[in-house]
Amino acid sequence: MVINWSGKSFDYTEKELAVLVESARTADPMTQGRYLEQFEEDFSAYLGIKNCFAVANATSALDIAAILSGLKQGDEVIIPAHTFCASAYPFGRTGANIVWADIESDTRLISRASIEKLITDKTKVIVVVHLYGLMADMDAIIEIAKKHDLFVIEDCAQSIGAELNGKKSGTFGDCAIFSFHGQKSLTTLGEGGCLVVKSDALARKVPGLRHHGARPFPYKREQYWIPAMGDVDVDLDGVWPINSCLGEPQCALGSAVLKRLDSMNNKRIDRAHRFKEELKDFPELTFQTVKNGFKHVYHLLTAKYEGTNGKTNDDLIKILFYEHNIKVIVQYYPLYRYPLFQKMGFGMANCPNTDNYYDNMVSFPFHLWMSDEEFDYMISCTKKALKKLKEE
Ligand SMILES: Cc1ncc(COP(=O)(O)O)c(C=O)c1O
């Protein structure tokens, strides 16, 4: 048996594929039509919040969120250093300075204490990333943000359906973004995303910002072609628009898949619980702490391995890969170590928990397409590998 991260990451049902074909036949226009409207409505209903905007991917949703936050040259934006690079670089584009926050050692998510230490009179924005399917402590973070008048952006690329006290991720901040990339829990054919905007006034700026600044002329035309087919205008003073729309068939598919998102999440949750239960006799392998009130949807199954006899995550990964054909990975390099951020002037940080997690982390393959047999095989091989490391 070989278990790795490659291969098709999402299995659409025949019914969903039929919706896709039907929408490809009937969509008119092919972009920004009734399927977009329906998907945005469905996603809003799922989250229980208004102002959802489907976009081409989560990174462009972050670009728009960065614009809406009003960040400018010289401002500071606090971002966790343990995340995917796209959580951060859209903010660099605004000219603001990225300040790296550390994570908590137990939840492995952005730490409230770290945020508080980093706030200066230049701080304008906090980016919170709900990584691997677990939400950061939004109640505490919103409290800090209110105290210092900061704009909060939730990166929910990996947390669709996660909750805190029954409230879904993406409904706490001033803006939130979701990803429908091919590796995500819901994918609209490999690419896609959504931007959520709390303020109605800011939300009104999004359709123009997301689509070339295009709109109808603000007056009644005598002739439909005079002065031209449509108007182009500025939505926020001094800000250029972008183009980031999600095509109609992708939106139709998004609505269809959304209907079974919770059942897919439940399967992930069951499997993750089983994995953790089966490995509970190996305290050297620890998982994200899920505190009271938090619902973890296990977009990914990540852990920390700290062997008591000096064995490291490299040793565990080697055994699983070379002896059992299971490809466990180390998820993220601390962002300040990447050439991209170093060359852009953001290579400095004081994030000991981020460094420690990087040194010890393991991320198990966790696609839903893994069969029960493959999942059982991964559990039994992980047990064997951990035993072997203990005895060596
Ligand atoms: C935490 C996080 N933020 C942002 C993104 C960017 O998403 P997209 O590929 O839809 O642009 C990803 C994608 O992997 C992600 O994991």
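1. P227 lies in the loop between β10 (214-215) and β11 (231-232); strands here are DSSP runs of E with at least two residues, helices are runs of H or I with at least four residues, and both are numbered from the N terminus. A cis peptide bond joins I226 to P227, with omega about 5°.

2. On provenance: this is a predicted model, in which local features need pLDDT of at least 70 and side-chain atom pairs count only at pLDDT 80 or more, while totals for chains, interfaces and linings use all residues. Residues are numbered from 1 along each chain as its sequence is written.

3. Two further backbone points sit in loops. D28 and P29 are joined by a cis peptide bond with omega about 10°, and P29 is placed in the loop between α1 and α2. Y132 has phi near 70°, a positive value in a residue other than glycine; Y132 is found in the loop between β4 (123-129) and α6 (138-148).

4. The protein is divided into domain 1 (14-258) and domain 2 (261-391), with bounds from an automatic or database domain assignment. Their C-alpha centres are 28 Å apart. Across the boundary, 33 residues of domain 1 are in contact with 30 residues of domain 2, contact meaning that the C-beta atoms, placed from the backbone, lie within 7 Å. On the domain 1 side that touches domain 2, the elements giving two or more residues are α4 (89-92), β3 (97-101), β6 (163-164) and α9 (248-258). The residues of that side divide into 17 nonpolar, 11 polar and five charged. In this count Ala, Val, Leu, Ile, Met, Phe, Trp, Tyr, Cys and Pro are nonpolar, Asp, Glu, Lys and Arg are charged, and the others, Gly among them, are polar.

5. Helix packing comes next. Two packed helices are described by the angle between their axes and the distance between the axes. Axes are lines fitted to C-alpha atoms, for helices over the stretch in contact, and angles run from 0 to 180 degrees between N-to-C directions. Angles under 35 degrees count as roughly parallel, over 145 as roughly antiparallel, 65 to 115 as roughly perpendicular and the rest as oblique. A crossing is left-handed if the near helix is turned anticlockwise from the far one by less than a right angle, and right-handed if clockwise.

6. Helix α2 (residues 34-47) and α9 have axes that come within 8 Å and cross at roughly 30°, which means that α2 is roughly parallel to α9. This crossing of α2 and α9 is left-handed. From α2, the residues Y35, L36, Q38, F39, D42, F43 and Y46 meet E248, C251, A252, G254, S255 and L258 of α9. The residues of this contact comprise eight nonpolar, three polar and two charged.

7. Helix α1 (residues 14-26) also packs on α9: the axes come within 8 Å and cross at roughly 150°. α1 and α9 are therefore roughly antiparallel to each other, and their crossing is right-handed. E16, V19, L20, S23 and A24 of α1 meet E248, P249, A252, L253, A256 and V257 of α9. By class, the contact residues are eight nonpolar, one polar and two charged.

8. The axes of helix α11 (residues 313-324) and helix α14 (residues 372-391) come within 10 Å and cross at roughly 125°, so α11 is oblique to α14. The crossing in which α11 passes α14 is right-handed. D315, L316, I319, L320 and H324 of α11 make the contact with C381, T382, A385, K388 and L389 of α14. These contact residues divide into six nonpolar, two polar and two charged.

9. Which residues are closest to the ligand? They are N57, A58, T59, A157 and S179, among the 14 residues that surround the ligand; a residue counts as near if its C-beta atom, placed from the backbone, lies within 6 Å. The shell around the ligand has five nonpolar residues, eight polar and one charged.

Methods. Two residues are in contact if their C-beta atoms, placed from the backbone, lie within 7 Å.
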